[in-house]
Amino acid sequence: MIRAGRLLKNGTGIMSRIARPALTQTVSRSVQRCSYQSGPDTSEKETIVKLLYNIGSKKEVEQYLGHFSSVESQKFAVIKVGGAVISDDLATLASALTFLNRVGLYPIVVHGAGPQLNKRLEAAGIEARYEDGIRITDGPTLAIAREVFASENRKLVEALERLGTRARPITSGVFVADYLNQEKYDRVGKIVRVNRDVVESSIRAGCLPILTSLAETPEGQILNVNADIAAGELARVLEPLKIVYLNEKNGLYHGTTGKRIETIHLDEEYEDLLKEPWVRYGTKLKLKEIKELLDTLPRSSSVAIISAEHLHKELFTHSGAGTLIMRGHRLFSEQDLGSVDSDRLRALLLEHDPAISSGRDSAASYWQKLVQLKSEGGQYWIYGDEPYQVAAVVTRAAGQSVSVLEKFVATKAAVLGNITDNAWKLIARDHPQLVWTVAKGDDNLSWHFERADGSWAVGEDIVFWYGIEDWTQIAPLVNAKSSKPSKAAPGPAGSRGYSTMARRQQIGRRGYATASGSPLRVGLIGARGFTGRELIKLIDGHPRFELAYVSSRELAGQPVPGYAKAQLDHVNLSAAEVGAIARSGRQAVDVWILALPNGVAAPFVDAIDAATSGISSAEQQPIVVDLSADYRFDATGRWAYGLPELHRKDLVGWNAGRIANPGCYATGSQLGLAPLLPYMDATRLPSVFGVSGYSGAGTKPSPKNDPKFLADNLIPYAPVNHIHEREVGHSLTRISGARDSPVMVQFTPHVASFFQGIGLTLHVPLRQSMTVGDVHEVFREFYNGERLVHVTKDAPLVRDNAGKHYSVVGGFAVPPATAESASASLAARRVVLNVTLDNLLKGAATQAIQNMNIAVGIDEYTGIPTPEQPTMSQS
């Protein structure tokens, strides 16, 4: 549905102009009623989030709010505020910052005071002097600058506090600098180090950090630094999602057309942009500075140039309001399948294209259609970006002038990075006449309406087109012969977005700690998550292990809960600090546990390896247990795969000291499949249907761990190529020994409304029929003596296994042996079974302790409760 507010041409009509001040006034009234608090009140936050729906759709707002909330607080945004904004628009600025804080966000503000300083210098009879655009700062100028910066900082802090927002004035201690060129510029600094602890301390205290751009030398001499440069240096250290430059102009403007530039994708557009005749002087310098900044930051980071008034719309809507600048990726356009990575394209279509993901079509058959089209004299174009976050396929039949957009898919990363718009520009450049069809229920209809000259409803679909005046050109393509089309209602002009149903990217967090020595000292890196908490409880009850360090960036300085052996606080260890501790081998820490998100462990592992490379004794090498997927597929032989029931021989007596802890789903799936490997039909794939509690979705807010969204609900995700699917095949192939015939499985995960636990139903094809008794005996013998795997005849239940340290395998079933389904029937030659385990325990923390016990040479089950019989509900 297109909302009335979005039918205004260019989004700048009377309604639009009225709506923004009304929203700002409503926010101001709302935040003025707030009193001091350490975090946003839940009901208040919900109310203010609803206010955002006035500037964008609910889906847009929640998508961006979830994105911004998914990272650590200091990684949301660095906002550079020009001095003119403070002097001319202080109330709007304070309201905008308060708004962000009330929805749980902590923007970091770095402000200048140029206009105010010039006025004060003029009043004092001091001439403002510049060299190469840099203010020459002599002693008298610096003295006034200190007063002006302190005064402007105080104004902003007090304005925020009047609105009930806690803010901390930070006028020194963050930026350490050397003289830029003392002879030329006098007391002007070049930042050499940023003290992030001052900023993070403010956020931990629940205060918005408000920084001036003044710096100090190591000896304490104050130096003047341009606020833009200071904000950039701070961003290089914090790596935020957003770097925002607030100005009165509300963005960058095209020097020829005079129109605001909505987006700039630097990888694709930068070189051509610099060739534009109007890009010179300050504009060219600003673009170069932004490119140099973004080149050093993750691709998820972007720069926004916007006014304070429109900050909300820029941050929480697809259409934005200012100028958005990002690195993006270079786009490609190919006319031959052989020129693209068909595997990556297939994976993208499998996840995001309705026809292929539903099974109505397959990638292979679609490829064949394209080949057939070309053989008949037609053409096709495949568009995409380097990491295959967006892809489009356009075709044109022989003898036709109108092109057909057949597929256009994008991941959430492509949406949030506005890569879809860039891809569309490329398509529009190549195809002056285009037609495409979208289902009426598609979430992206407004995006399509905006890009169309006309539309026509055909059954359950809407046909869109542009560049076509003659209806007869479209009629043959849509089989429309009777009704006349209507012009498309104009969509939200200037939109930069494209909504998507792509699953939320899980972004983890990590942190820090400290403690006294003990027989076997453990360093835990990444204690904030649910698994980290379970590890702390297990180590607290372990007779041999004690915590030496508990690292969590978000919890640094706070006591470690649930740990009674010693009074211990979280700390924040960097990879370099871990390496420094590891240099003394096991004298400092016997075992390092890395409970970090996927893709984050490498710097810590590298630091430990480098620090201990000179330790020749295996007994003095610290053990490293990694809970992520980063080393589960190791081919170097350095890492052992830590599923003891299946790979114990690789762990016992093993001296390399590196253990890759298996994934939770992968653990349960392998425990259910491994005993049947000798009996499986290699020509058919086993299938695993998995359901996990929402603790498996981590602590970052998302629909997959939102109890309200999950109530009476079941969410499927990653239906193909889940990392645990690949992990199971990789591990079972090693067990089978048949590396020339790798084991493959089909795995479909789901999230349910319970908190912890996993239930798996496995369908396993067999080479020959087996009875239930045969299968039960195979499993009973296979796991005989294993104290963390129980075999039962009845189907295990998730609720019985939640909070337990073992896994249960049971509920074996085979098709009945009838005359119609004898052993010759493929359908009869299979077994169905169930596996349950706790995803946080046997699927993570308990298994890590089990591996640690083996690695240090003590009893495998030390510190792990191991009942002789599993808990089973009475039927």
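What percentage of the 875 residues of the protein count as buried? The figure is 55%, where buried means under 20% relative accessible area, exposed over 50% and partly exposed in between, with a 1.4 Å probe and protein chains only.

This is a predicted model, in which local features need pLDDT of at least 70, side-chain atom pairs count only at pLDDT 80 or more, and totals for chains, interfaces and linings use all residues. Residues are numbered from 1 along each chain as its sequence is written, and side-chain values use heavy atoms, with hydrogens and water left out.

**Whole chain**

Show the cartoon. The protein has 29 helices and 35 strands. Helices (H or I, at least four residues) and strands (E, at least two) are DSSP runs, numbered from the N terminus. Now consider contacts, meaning heavy atoms within 4.5 Å. Among those between residues at least 6 apart in sequence, 73% join residues at least 24 apart.

**Stop 1: β1 and β2**

Select 77–81 and 108–111. These are strands β1 and β2, which run parallel and are joined by four bridges. Two strands pair if DSSP finds at least two bridges between them. I79 stands opposite V109 in β2. Now show the side chains of β2. I108 and V110 point one way, V109 and H111 the other, and all are buried. In a regular strand the side chains alternate between the two faces of the sheet.

**Stop 2: α4 against α5**

Select 83–102 for α4 and 114–123 for α5. Their axes lie 5 Å apart, at an angle of about 90°. Axes are lines fitted to C-alpha atoms, for helices over the stretch in contact, and angles run from 0 to 180 degrees between N-to-C directions. That makes α4 roughly perpendicular to α5, a label for angles of 65 to 115 degrees. At the contact, G83, A84, I86 and S87 of α4 meet G114, P115 and Q116 of α5. By class, this contact has three nonpolar, four polar and no charged residues.

**Stop 3: the largest core**

Select I79, L93, F175, L211, L234, L246 and L311. These residues have the most contacts inside the largest nonpolar core, which has 51 residues. Such a core is a set of buried Ala, Val, Leu, Ile, Met, Phe, Trp, Tyr and Cys residues joined through side-chain atoms within 4.5 Å. Helix α4 gives the most to this core, with eight residues. Centre on F175. Leaving aside neighbours within four places in sequence, its contacts include I191, V194, L211, L214, A230 and L234.

**Stop 4: S202**

Move to 196–204, helix α8, which holds S202. Is S202 buried or exposed? At 0% relative accessibility, S202 counts as buried. Beyond residues up to four places away in sequence, S202 touches R168, I170, C207, L208 and P209.

**Stop 5: the seven-stranded sheet**

Colour the strands in the order β30-β31-β29-β32-β35-β34-β33. They form an open sheet with mixed pairing. The edge strands are β30 (715–716) and β33 (789–791), each pairing on one side only. β33 pairs with β34 (residues 807–813) in the parallel sense, over three bridges. Here V791 has V809 as its bridge partner.

Why is α24 described as largely enclosed by the rest of the structure? The reason is that 10 of its 10 residues are buried. Among them are Y665, S669 and L673.

Finish with α27, residues 772–782. This helix lies across β33, β34 and β35, running at about 160° to β34.

Conventions
Angles under 35 degrees count as roughly parallel, over 145 as roughly antiparallel, 65 to 115 as roughly perpendicular and the rest as oblique. Ala, Val, Leu, Ile, Met, Phe, Trp, Tyr, Cys and Pro count as nonpolar, Asp, Glu, Lys and Arg as charged, and the others, Gly among them, as polar.
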